[in-house]
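Please read the following report with the sequence and the 3D structure at hand.

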Amino acid sequence: MSRLTVPKTYKLFIGGAFPRSESGRTYEVTSASGGFLANAAKASRKDARDAVVAARGAVAGWAGATAYNRGQVLYRIAELLEGRRAQFVAEIEEAEGVSRAAAGAQVDEAIDRWVWYAGWADKFAQVAGNANPVAGPYFNLSVPEPTGVVAIVAPQDSSLLGLVSAVAPALVAGNAVVVVASERFPLSAISLAEVLATSDVPKGVVNVLTGSPAEIAPWLASHADVNALDLVGAGALDWIELEIAAADTLKRVHRPEQGADAAAPTLERIVGFTETKTVWHTKSLR
Amino acid sequence: MTGTTLVAARERALAVLGGDPDDATLRRYLHGIPGVDAVGLEQRAAGLGTRSIKTSSKAWALDRIISLIDLTTLEGADTPGKVRSLVAKAQTPDPADPGAPRVAAVCVYGDMVSTAVEALGAAHGDPDDGAISVAAVATAFPSGRASLDIKLADTAEAVAAGADEIDMVIDRGAFLAGRYGLVFDQIAAVKAACRRADGTSASLKVILETGELVTYDNVRRASWLSILAGGDFIKTSTGKVQPAATLPVTLLMLEVVRDWHRLTGHKVGVKPAGGIRTSKDAIKYLVTVAETVGEEWLVPHLFRFGASSLLNDVLLQRQKLASGHYSGADYVTID
């Protein structure tokens with residue numbers, strides 16, 4: 001007698017929990033060859049709203065943690081990803097229809113990027129900050145601080161690597177993230193959320209929505225409680241409109257990137273979601 | 001707003017009770033009231049919370065919620081400046097939208113009443129006429145553990161300073177010990193202390209502190225007791241004890257108010273307070289009021305929300321309806 005398969009229910013990741021979409025909607029995720037893989041939750045604007053509330057609540061704690069601590073937490077994600085390597089390789093192989101070797105290379109690259117970004121957590125402020133020369137008996141220091149809640153449209157043509165490349169740099173500085181995963185390849189994003197839920201990342205720091213970026217992104221772009229918008233994976237959308245909507249509430253915006261080296265690891269991706277705070281301090285108190 | 005007269009209240013109580021309001025009579029009456037079906041009550045409240053509210057109704061509800069709010073600050077750290085900023089917010093809840101209605105009242109400690117009255121100036125008055133009244137908590141709020149003399153002096157001082165409404169706490173210890181006559185007499189005495197020199201009277205809200213009464217049966221009895229003793233409003237909680245206002249408890253109190261109205265033709269107000277922080281929750285209360293006692297209760301002299309953070313959430317929802325996109329905490333005041 002053959003055993004019945006137990007398929008996984010892929011849900012959203014909001015505030016450290018895995019709710020279904022508020023709308024009750026799902027959509028079919030298919031493999032590269034067109035076969036049925038799973039039903040994924042199709043997030044609505046209200047799920048996006050809830051995710052922003054969760055992210056806003058998490059900003060103070062995450063931004064307030066020491067840079068060293070944030071680095072440790074991010075590094076631990078890489079450790080856990082390594083432990084689940086086989087699962088991610090199998091998922092990517094099935095969804096993207098690539099060879100096992102190519103899927104393995106993608107997972108390895110994703111893990112390496114977590115490690116690379118984790119290392120920056122207690123170092124980027126030294127590079128991006130500055131002691132400014134001023135004509136007076138003062139110290140004048142500039143330090144980068146997290147901007148707050150960052151909404152991300154993840155690269156659409158990659159399961160794991162694109163998502164990691166967009167999410168990790170925003171986390172380094174202490175931002176909380178609401179990310180809309182790839183519409184075609186959402187399953188690895190939710191598996192990554194399971195990794196995040198069991199690592200030391202506080203609830204609400206990362207929130208993952210699956211569904212249609214075209215439907216959700218405008219609500220995030222115009223949301224007054226979102227501080228920055230990363231449109232790295234929004235090339236196929238009407239992203240000019242999104243940029244205009246974001247400008248109404250003075251958001252920082254990263255424009256779409258295309259091609260193989262989209263969202264390549266750079267210090268600029270970290271610093272792009274920070275605000276520079278400059279402080280004056282007297283040199284002598286005599 | 002003025003409360004009902006003491007004499008009328010006492011006559012009504014005597015007629016309903018059929019005797020003097022002493023411990024024995026009240027005990028016979030209150031324990032004769034049928035018990036509460038707790039499961040049915042909670043199920044009914046949950047059902048009322050699932051109504052679908054369409055956009056146009058929501059816009060109406062949000063404005064109505066604002067006009068029913070007792071904007072409250074009851075902290076040990078309250079300063080005159082904090083009270084003045086509360087009053088400013090009460091008068092102009094959303095500076096970006098002059099069309100936003102004013103709240104019904106500001107609710108402060110007794111010693112802050114004169115500050116609030118002064119800050120309100122010409123805007124001080126009856127919320128039914130679009131003005132803002134001043135409510136003061138009194139009678140050794142929030143515990144109520146003081147002698148009657150102190151409670152009465154507390155009340156009289158707040159009324160003399162210009163308070164239009166007095167939020168008193170009942171002596172929960174006496175109530176739970178079965179001293180119903182004592183609780184009745186205290187409420188009646190505080191009611192008498194609400195009288196002003198010109199013969200009018202401040203409206204009296206009686207706080208049951210339902211979180212300390214433990215059972216629904218007790219809440220129902222305390223509601224009857226407070227109404228019999230002459231309370232113009234019955235209020236769920238001080239906000240200092242958890243659980244504070246819940247939908248089932250408020251529904252239960254509304255049912256008592258409905259039954260009392262059927263019995264005597266007299267209308268008593270209800271004020272849930274504490275723990276109502278979102279527009280979504282507040283709309284559930286509006287639905288519950290409308291379906292239990294009727295829409296005519298959704299006016300400032302018959303229904304209030306005791307709240308502080310609720311107002312900001314309602315303003316965010318109003319902004320969302322007006323602009324079409326979600327608003328954020330940066331667009332309302334920090335309280």
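## A loop with a cis proline

Pro142(B) sits in the loop that links β3 (133–138) and α7 (148–160) of chain B. Helices (H or I, at least four residues) and strands (E, at least two) are DSSP runs, numbered from the N terminus. The peptide bond from Phe141(B) to Pro142(B) is cis, and its omega is near 0°. Ala140(B) is also placed in the loop between β3 and α7 of chain B. Its phi is near 55°, which is positive although the residue is not glycine. Ala140(B) is partly exposed, with 16 other C-beta atoms within 10 Å. A residue is buried if 20 or more other C-beta atoms lie within 10 Å of its own, exposed if 12 or fewer, and partly exposed in between, with C-beta atoms placed from the backbone.

This is a predicted model, in which local features need pLDDT of at least 70 and side-chain atom pairs count only at pLDDT 80 or more, while totals for chains, interfaces and linings use all residues. Residues are numbered from 1 along each chain as its sequence is written, and chains are lettered from A and ligands numbered from 1 in the order in which they are written.

## Two further loops

A cis peptide bond also runs from Gln242(B) to Pro243(B), with omega near -5°. Pro243(B) belongs to the loop between β6 and α12 (247–264) of chain B.

In chain A, Ala263(A) has a positive phi, near 60°, and is a residue other than glycine. Ala263(A) lies in the loop between β9 (252–254) and α10 (267–271) of chain A. Is this residue buried or exposed? Ala263(A) is buried, with 25 other C-beta atoms within 10 Å.

## The sheet of chain B

Eight strands of chain B form an open sheet with parallel pairing, in the order β7-β6-β5-β4-β3-β2-β1-β8. The edges are β7 (269–271) and β8 of chain B; each has a single partner strand, so one side of each lacks a neighbour in the sheet. From one strand to the next, the twist averages 25° (axes are lines fitted to C-alpha atoms, for helices over the stretch in contact, and angles run from 0 to 180 degrees between N-to-C directions).

Strand β6 (residues 233–235) of chain B runs parallel to β7(B), and three bridges join them. Two strands pair if DSSP finds at least two bridges between them. Lys235(B) has Lys271(B) of β7(B) as its bridge partner.

## Helix α14 of chain B

Helix α14 (residues 310–323) of chain B has 14 residues and should span 20 Å at 1.5 Å a residue, which agrees with the 20 Å between its end C-alpha atoms. The expected span is 1.5 Å times one less than the number of residues. Gly324(B), with a positive phi near 85°, follows α14(B).

Ten of the 14 residues of α14(B) are buried, so the helix is largely enclosed by the rest of the structure. Among them are Leu310(B), Asp313(B) and Arg318(B). The buried residues of α14(B) pack against α4 (55–67), β1 (69–72), α13 (279–292) and β8 (305–307) of chain B.

## Chain B as a whole

Chain B has 14 helices and eight strands. Its radius of gyration is 19 Å, close to the 20 Å that the globule rule gives for 335 residues, so chain B is as compact as a globular protein of that length. This radius is taken over C-alpha atoms, and the rule is 2.2 Å times the number of residues to the power 0.38. Of the 335 residues in chain B, 49% are buried.

How values were computed:
Two residues are in contact if their C-beta atoms, placed from the backbone, lie within 7 Å.
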